[in-house]
Amino acid sequence: MEEVDYLIVGAGAAGCVLAHRLSENGRNRVAVLEAGGPDRHIWIKVPAGFNKTVYNEALNWGYETAPGPHIDGRRIRFPRGKVWGGSGSINGHLYVRGQAFDYDTWAQLGCRGWSWSDVVPYFRKAETRAGGDDAVRGRSGPLRIEDQREPHALSDAYISANEALGLKRNPDYNSGDQEGTMLYQQMMRGGRRWSPVDAYLRPALKRGNLRLIDRALVERIDFDGAKAIGATFRRDGASQSIRARETVLCGGAINSPQLLQLSGIGDPEWLQPLGIAVKHALPGVGRNMRDHYAVRVSALVKGASSLNEKSHGLALLGQVVRYLVERKGLLAASPSHAGGYLRTRPGLATPDMQLYFAPASYGGAGYGTTTLDTVPGMTLGAAQLRPESVGWVKALSADPAAKPEIQPNYLAEREDRDSLLAAMKYMRRLLATRPLSDFVIRENFPGPAVETDEQWLAHARATGSTTYHPVGSCKMGTDRMAVVDPLTLRVHGLAGLRVADASLMPTMVSGNTYAATNMIAEKTADTILAA
Ligand SMILES: Cc1cc2nc3c(=O)[nH]c(=O)nc-3n(C[C@H](O)[C@H](O)[C@H](O)COP(=O)(O)OP(=O)(O)OC[C@H]3O[C@@H](n4cnc5c(N)ncnc54)[C@H](O)[C@@H]3O)c2cc1C
């Protein structure tokens with residue numbers, strides 16, 4: 001049985017960072033186990049390929065949520081990357097750190113060492129970014145953050161309409177202060193996706209002391225008493241084990257809690273009915289899961305070309321040539337181009353709503369639909385930044401290949417519904433505000449028949465969807481429901497086992513979750529190496 005110093009489970013957004021940092025000295029023996037295969041799929045590299053990868057079964061765990069009691073009992077498709085780079089290889093490219101307030105809240109909740117001033121050095125260490133304040137932005141890290149190469153005329157009009165409604169233009173929403181409207185910054189290099197594989201894993205694989213074992217489904221963490229000693233995985237139909245001095249779980253917010261549960265770590269009331277022997281009772285494993293829930297409003301467009309007409313026939317061919325020659329145009333664009341952060345009611349200290357804009361429309365259909373319309377259109381989206389609604393991830397079987405139950409409990413809390421209601425009305429106002437209104441033929445989704453609060457909420461329940469940001473299912477903290485110790489990132493009560501991925505966020509960060517996960521992994525690597 002092979003033995004390494006560090007075993008990393010999952011080569012996703014966090015796992016790639018750990019693989020790079022823990023092997024950096026050339027001496028530590030590091031192994032990574034990843035269930036997916038190489039990131040060779042052509043559409044992973046091309047930003048507009050999002051639509052081709054997001055639900056692609058070859059790259060995906062293929063999850064869906066349990067019926068949502070507050071969203072008309074609907075199940076929602078719930079993509080998670082199963083490929084080198086994990087969800088970081090199929091995500092929407094947007095680089096969003098969140099608010100200083102988010103991390104100060106973590107510190108306030110008992111996570112010492114995680115305030116905004118504590119985490120800024122790790123955000124800086126991770127990125128290379130031109131622009132913004134030297135004190136908060138990084139200049140020489142592995143992750144490339146680019147501005148859009150060719151902002152769309154409709155995005156400019158959208159930003160100006162936000163300004164007309166009083167939302168100022170924010171020169172750098174990643175400074176800690178998000179409020180305002182802007183074009184999104186993107187995780188790209190020269191118009192191509194710059195994934196955690198490009199940034200961290202591929203360079204590290206050149207070292208002789210890092211070994212990646214892919215297409216390997218980790219089935220359980222192995223223990224000697226209360227100490228983790230490695231993991232057992234299945235590859236090519238055979239069961240194998242690796243021993244490790246330290247095991248770091250980077251399976252993401254769905255799989256990390258499931259894997260802990262399969263290993264006998266969790267709520268005994270959940271484990272015993274599955275026939276899983278309880279090794280260590282930790283009731284918080286899989287609980288405290290939160291996700292962003294977004295709703296769309298769209299309109300038919302005149303006076304400007306949208307992405308819809310460019311995505312067929314000869315026009316598409318022209319786009320392919322442009323992309324190949326200049327790395328510009330439709331194919332260089334991520335799904336969301338512009339957006340904003342606003343307060344939906346007076347009295348809030350910071351924004352509670354994130355806005356998205358795409359110069360494209362999707363057949364007058366709900367969030368998560370990726371089929372482009374055939375007529376020119378544009379789509380506005382909104383998601384509440386810090387949802388109060390809390391759900392869970394729960395293994396339904398002792399079989400590691402079985403899918404867990406994912407229940408985000410969208411819209412369970414009144415505050416979440418109120419914020420979304422205000423945002424939906426705001427999006428309609430935007431469509432009626434110049435200069436954006438100059439391009440509007442009419443709102444076609446949900447359309448003028450939706451007028452009252454109850455009708456708007458029905459629209460939200462019937463057509464909203466995930467923005468793919470589950471967090472919190474192995475939260476760090478010091479309370480009874482905490483799973484991970486904030487200082488060491490060790491699983492409470494166990495030795496040799498840490499968790500470092502999106503699952504340990506105690507509360508949702510204000511925005512897309514990749515940047516925060518990347519920071520968590522950078523900080524965890526530092527903590528491990530310092531120990
Ligand atoms: C479709 C989509 C769009 C998104 N868009 C954005 C965006 O635009 N901006 C943004 O900031 N965030 C975005 N996100 C979210 C962001 O990508 C995630 O927050 C981030 O990738 C989480 O990192 P992670 O390391 O926790 O998990 P992941 O990146 O999902 O990595 C987990 C890895 O562990 C592997 N794994 C899991 N279980 C096992 C097992 N049992 N055995 C072996 N390997 C295992 C998985 O295959 C995967 O590779 C998006 C996510 C998705 C899915």
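Helix 8 makes the greatest contribution to the shell around the ligand, supplying four residues; helices here are DSSP runs of H or I of at least four residues, strands are E runs of at least two, and both are numbered from the N terminus. The model is predicted, so that local features require pLDDT of at least 70 and side-chain atom pairs count only at pLDDT 80 or more, whereas totals for chains, interfaces and linings use all residues. Residues are numbered from 1 along each chain as its sequence is written.

The ligand is surrounded by 42 residues, the closest being G10, G12, G86, G92 and Y514, where a residue is near a molecule if its C-beta atom, placed from the backbone, lies within 6 Å of it. At least two residues of this shell come from each of helix 1 (13-23), strand 11 (217-224), helix 8 (252-262) and helix 13. By class, the shell comprises 20 nonpolar, 18 polar and four charged residues; Ala, Val, Leu, Ile, Met, Phe, Trp, Tyr, Cys and Pro count as nonpolar, Asp, Glu, Lys and Arg as charged, and the others, Gly among them, as polar.

The chain contains 13 helices and 24 strands. Its radius of gyration is 22 Å, close to the 24 Å that the globule rule gives for 531 residues, so the chain is as compact as a globular protein of that length; the radius is taken over C-alpha atoms, and the rule is 2.2 Å times the number of residues to the power 0.38. Of the 531 residues, 58% are buried, that is, have 20 or more other C-beta atoms within 10 Å of their own.

The domain assignment, which is automatic or from a database, gives domain 1 (1-50 + 81-148 + 193-290 + 393-409 + 470-531) and domain 2 (149-183 + 293-384 + 411-463). Their C-alpha centres lie 31 Å apart. Contact between the domains involves 23 residues of domain 1 and 22 residues of domain 2, two residues being in contact if their C-beta atoms, placed from the backbone, lie within 7 Å. On the side of domain 1 that touches domain 2, 11 residues are nonpolar, nine polar and three charged.

The largest nonpolar core has 164 residues, and those with the most contacts inside it are I8, L18, A19, A382 and A500; such a core is a set of buried Ala, Val, Leu, Ile, Met, Phe, Trp, Tyr and Cys residues joined through C-beta atoms within 7 Å. Helix 13 (residues 514-530) gives the most to this core, with eight residues. Domain 1 and domain 2 each provide at least three residues of the core.

Conventions: Buried ≥ 20, exposed ≤ 12 C-beta atoms within 10 Å, placed from the backbone.
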